[in-house]
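Hello,

Here is the structure I promised to pass on to you. Have a look at it first, and then read on for what turned up.

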Amino acid sequence: MKALVLAGGRGTRLRPLTNTSAKQLFPVANKPVLFYGLEAIRDAGIVEVGIVVGSTGAEVRAAVGDGSRFGLRVTYLPQEAPLGLAHCVLIAREFLADDDFVMYLGDNFLVGGIQELVAAFDAGSYSAQILLTPVDDPRSYGVAELGRSGQIVGLEEKPDDPASDLAIVGVYMFTPAVHEAVRAIVPSARGELEITDAVQWLINHGHHVHSHLITGYWKDTGRVQDMLECNRIVLESIETRLAGTVDDRTEIVGRVVLEAGAVVENSVIRGPVVIGPDTKIIGSYLGPFTSIGAGCTLEDAEIEYSIVMNSSAVRGVARIEASLIGKGVEVMPARRAPNTHQLVIGDHSTVRLRG
């Protein structure tokens, strides 16, 4: 079995961060979300991996390399534009050959791995296997409707009026039968070749498509709140490891990971918290479910339930929470001018100011 990992796409819901960075490389507990998927693929016994890349392909290549660090052999498959998940299968035809494969969306986060799911697919006589989970608002997902006996009745991509609350999780398993399906379908109203249409084609043409309702935690990390929730879930399971330097004026409560080269002085750290290498925390408060990347500086600051990416600085700012701060960012107080705010803000940003 091979794996096809999708790491293209524009990540419009995470703009402006995705104007300059691949969404699949955004950190969860200081590790790119894509890496969790690659590790899950490796742990399922899969070695040959094709990664579909788009405009951020160079960044993905630099982070993943040839895959050897994960025990994988990686082939990169450029996609000229985000033309749909089924289009990714279409352009990967030569790489996939006539092998069964897992298709794994690189911005998805699935706790518990895929070992059992791959084993079940191998043992079954299915042309495809899809994973389903109930969600509060299925309009943002592919949606499956099941019959009384649990069989798939229909599939629809991002419907305005969903037939059920069962969202399709971004991990699929296929036999080579899917190649005929992706060649047979036409672009949807969104202008994309939808994988839901390809799976529906398989059903309509007599192929056995199995659905599996997952019970573990899954997130599509396409929004800030999803990234923060995934960060929380991973931080729940960390164990304390203090490889950096902590002075005797600092109070540490709960589980904290402090990487080598990090320095904490005169601060309060309430875990679970992860602090990256060569980061300085001075006279600050870090609250639960916070991850701070490498080479950052926090001085006279308060922050909790947030993600701060590499090489950023927060100085003299009280009570930041539920925030995602990108790479190389500087956050500091404004000069004290009455009733004014000074802002430099990129496209597609969200700013909330106290009136």
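Among contacts in the chain between residues at least 6 apart in sequence, what percentage join residues at least 24 apart? The answer is 48%. Please keep in mind as you read that this is a predicted model.

First, the overall picture. The chain has 355 residues, and 49% of them are buried. Its secondary structure comes to eight helices and 30 strands.

Strand S4 (residues 48-53) has parallel partners in S1 and S5: five bridges join S4 to strand S1 (residues 2-7), and six bridges join S4 to strand S5 (residues 73-78). If you want to find these pairings on screen, look for Leu6, which stands opposite Val52 in S4, and for Glu48, whose bridge partner in S5 is Arg73. Of the six residues in S4, five are buried, so the strand is largely enclosed by the rest of the structure.

Next comes a helix pair. Helix H6 (residues 177-184) and helix H7 (residues 195-204) have axes that come within 8 Å and cross at roughly 115°. That makes the two helices, H6 and H7, roughly perpendicular. The crossing of H6 past H7 is right-handed. On the H6 side, the contact is made by Ala177, Val178, Glu180, Ala181, Val182 and Ala184; H7 contributes Ala198, Trp201 and Leu202.

Further along there is an open sheet of six strands, with parallel pairing and the order S14-S17-S20-S23-S26-S29. Its edges are strand S14 (241-242) and strand S29 (324-325), each of which pairs on one side only. S29 is joined in the parallel sense to strand S26 (residues 307-308) over two bridges, and here Ile307 stands opposite Leu324 of S29. Helix H8 (residues 224-235) packs on this sheet, where H8 touches strand S20 (273-275), strand S23 (290-292), S26 and S29. The direction of H8 makes about 95° with that of S23.

That is what I have for now. I would be glad to hear what you make of it when you have had time to look.

Best wishes

Notes:
Residues numbered from 1 in each chain as written. Predicted model: local features only at pLDDT ≥ 70, side-chain atom pairs only at ≥ 80, totals over all residues. Heavy atoms only, no water. Pairing = 2+ DSSP bridges. Helix = DSSP H or I, 4+ residues; strand = E, 2+ residues; numbered from the N terminus. Contact = heavy atoms within 4.5 Å. Axes fitted to C-alpha atoms, helices over the stretch in contact; angles between N-to-C directions. Buried < 20%, exposed > 50% of the residue type's maximum accessible area, 1.4 Å probe, protein only. Parallel < 35°, antiparallel > 145°, perpendicular 65-115°, else oblique. Left-handed = near helix turned anticlockwise from the far one by under 90°.
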